[in-house]
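Here are a few exercises to work through with the sequence and the 3D view side by side. Try each task before you read its solution.

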Amino acid sequence: MPQIPETIQELTVGQLAARSGAAVSALHFYESKGLISSRRTSGNQRRFSRDALRRVAFVRAAQRVGIPLATIREALAELPEGRTPTEEDWARLSRSWRSELDERIKQLNRLRDHLTDCIGCGCLSLETCVLSNPDDAFGERGAGSRLLVERRGPATSATGGGRSSRVRGQQAPCCGD
């Protein structure tokens with residue numbers, strides 16, 4: 001990792017990228033979202049203060065654990081005078097984000113545990129299917145697809161003769177029913 005002499009108080013975007021490990025495009029994005037800031041030189045080049053290194057590290061660490069950028073921006077905005085987060089700030093914020101992360105972990109564990117239950121039938125109306133159709137009111141009536149009651153006349157096949165495969169208001173055969 002390239003070292004930047006202590007005498008240099010402002011970093012170019014390239015120096016910040018090299019030192020932080022973030023891509024230049026990511027730094028531009030962070031700046032556009034208000035996560036870091038720079039000043040412009042007379043030649044319109046960005047210059048970041050050295051504390052941008054800590055802010056970028058803070059943003060990247062929070063992103064790694066799944067914290068949305070909007071939440072990170074809100075946390076940074078709460079710091080007095082826009083200062084750089086300290087170790088105490090990180091500890092406080094990580095405690096507040098812990099319950100959100102615990103809930104996401106629970107959701108992912110439920111998703112993993114229910115994945116096997118969902119794959120077998122494929123009709124998307126299983127009583128136990130919490131993945132493909134979790135709010136399926138018709139699922140309470142049992143497995144299989146349902147046809148809606150049509151307001152049109154009797155269903156006929158395309159040839160005009162035989163009985164259509166649709167049965168008005170009744171359950172169509174599915175999955176060996």
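**Exercise 1: Around L16**

Leaving aside neighbours within four places in sequence, find the residues that L16 is in contact with.

Solution. Contact here means heavy atoms within 4.5 Å. Go along the chain and you get L11, G21, L27, I36, F48, A52, L53 and V56. Before going on, note that this is a predicted model, where local features need pLDDT of at least 70, side-chain atom pairs count only at pLDDT 80 or more, and totals for chains, interfaces and linings use all residues. Residues are numbered from 1 along each chain as its sequence is written, and side-chain values use heavy atoms, with hydrogens and water left out.

**Exercise 2: The largest nonpolar core**

Work out which residues of the largest nonpolar core touch the most other members, and which helix gives the largest share.

Solution. Start with the terms.
- A nonpolar core is a set of buried Ala, Val, Leu, Ile, Met, Phe, Trp, Tyr and Cys residues joined through side-chain atoms within 4.5 Å.
- Buried means under 20% relative accessible area, exposed over 50%, and partly exposed in between (1.4 Å probe, protein chains only).
- Helices are DSSP runs (H or I, at least four residues), numbered from the N terminus.

Next, look inside the core: it has 24 residues, and L16, L27, Y30 and I72 touch the most other members. Then see who contributes: α1 (13–20), α2 (24–32), α3, α4 (69–77) and α5 each supply at least two residues. The largest share, six residues, comes from α3.

**Exercise 3: Rings around F58**

Describe the aromatic pairs that F58 forms with W90 and W97.

Solution. Rings of Phe, Tyr and Trp (its six-membered ring) pair if their centres lie within 6.5 Å; planes under 30 degrees apart count as stacked, over 60 as edge-to-face and the rest as tilted. That rule gives three aromatic pairs. Take F58 and W90: they sit 5.2 Å centre to centre with 85° between the planes, an edge-to-face pair. F58 is in helix α3 (residues 52–64) and W90 in helix α5 (residues 87–119), 32 residues apart. F58 counts as buried because its relative accessibility is 5%, while W90, at 30%, counts as partly exposed. Now F58 and W97: this pair is tilted, at 6.4 Å and 50°. It ties together parts 39 residues apart in sequence, because F58 lies in helix α3 and W97 in helix α5. Put together, ring pairs link F58, W90 and W97 into a cluster.
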